[in-house]
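Visitor: I'd like a close look at one part of this model, the surroundings of the ligand. Take me through them slowly.

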Amino acid sequence: MNKSEIQNFTLNAAADGRIFLIGFMGTGKTHWGKIWAARHNYSFIDLDEAIEKNEQNTVANIFETRGEDYFRQKEAIMLRTMDEYTNTIISCGGGTPCFFDNINWMNAHGTVIFLEAPPVFILKNILSGENKRPLVKKLNEAELLFFTEQTLKERNEFYRQAGIILNAEKLLETSIDSIILPKE
Ligand code: S3P
C-alpha cells in the first residue's frame with residue numbers, strides 16, 4: 001500500500017464508524033473518548049467497563065482473584081464483540097493491543113488511534129487519579145516511573161501499529177474532526 005492508499009483505508013474505516021483508542025494508562029483514552037463521542041454523536045464504550053459488566057466483577061478483582069492471564073483472555077474475547085457496534089468510539093485498556101494479535105484485529109475492524117505520551121506526563125496523570133489500576137497500585141512514584149518507561153518500551157511496537165498517532169499532551173475537542181469527517 002502506498003501512503004495515499006493507507007490514508008484512504010484509514011478514512012474508509014472511520015466512515016464505517018468504529019474507532020479504537022489505544023495507549024498507556026493515563027494518556028486520556030476514556031476522558032477524550034467520551035468528549036469526542038459526544039461531539040460527533042457517536043456512542044462510547046470503555047472496554048474495561050464492558051469486561052466488568054460481563055464478569056460482574058471489577059478489573060482489580062479479576063486480576064487479584066483470577067490472574068492477569070485470565071483477564072487478557074477475557075479482554076481479547078470482549079474486544080472481538082465490538083464489531084457489532086458502528087458509530088462508536090471504543091476506549092481500550094492500556095495493554096489491549098499487546099496481547100493475542102489484538103492490534104491486527106483492531107486494524108482490520110476500524111480505525112485505531114494511538115494517544116502517545118512521554119512517561120512523565122503519564123506518571124502525573126496516574127498519580128492524580130484514583131489509583132485502582134492493579135498493575136501499578138503497589139508502586140511508589142520512582143517505581144511507577146521506571147515501570148512506565150520499561151513497559152512503554154515493550155508496548156510501543158504494538159501501539160505504533162495504529163493507523164493514526166496523536167500527541168496526548170496536545171489533544172483538543174476538535175482533534176479527531178478530520179478523521180471522522182474526511183475532507184471532501
Ligand atoms: C492495563 C490498563 C488498564 C486495565 C488493566 C490493565 C494495562 O486500563 O485494562 O488494569 O495493562 O495497561 P487503562 O489503560 O484504561 O487504565
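How many residues of the shell around the ligand are nonpolar, how many polar and how many charged?

Guide: Bear in mind that this is a predicted model, where local features need pLDDT of at least 70, side-chain atom pairs need 80 or more, and totals for chains, interfaces and linings use all residues. Numbering starts from 1 along each chain as its sequence is written, and side-chain values use heavy atoms, leaving out hydrogens and water.

Now to your shell: six residues are nonpolar, three polar and five charged; Asp, Glu, Lys and Arg count as charged, Ala, Val, Leu, Ile, Met, Phe, Trp, Tyr, Cys and Pro as nonpolar, and the others, Gly among them, as polar. In total 14 residues surround the ligand, with Lys29, Asp48, Arg72, Arg133 and Arg155 the closest (a heavy atom within 4 Å makes a residue near).

Let's zoom in on some atom pairs. The side chain of Asp48 puts an N or O atom 2.8 Å from a ligand oxygen, and an N or O atom in the side chain of Arg133 is also 2.8 Å from an oxygen of the ligand. The ligand has 380 Å² of accessible area on its own, and the protein covers 94% of that (Shrake-Rupley, 1.4 Å probe).

Key. Polar contact = N/O pair within 3.5 Å; in protein donor to acceptor, adjacent residues only side chain to side chain.
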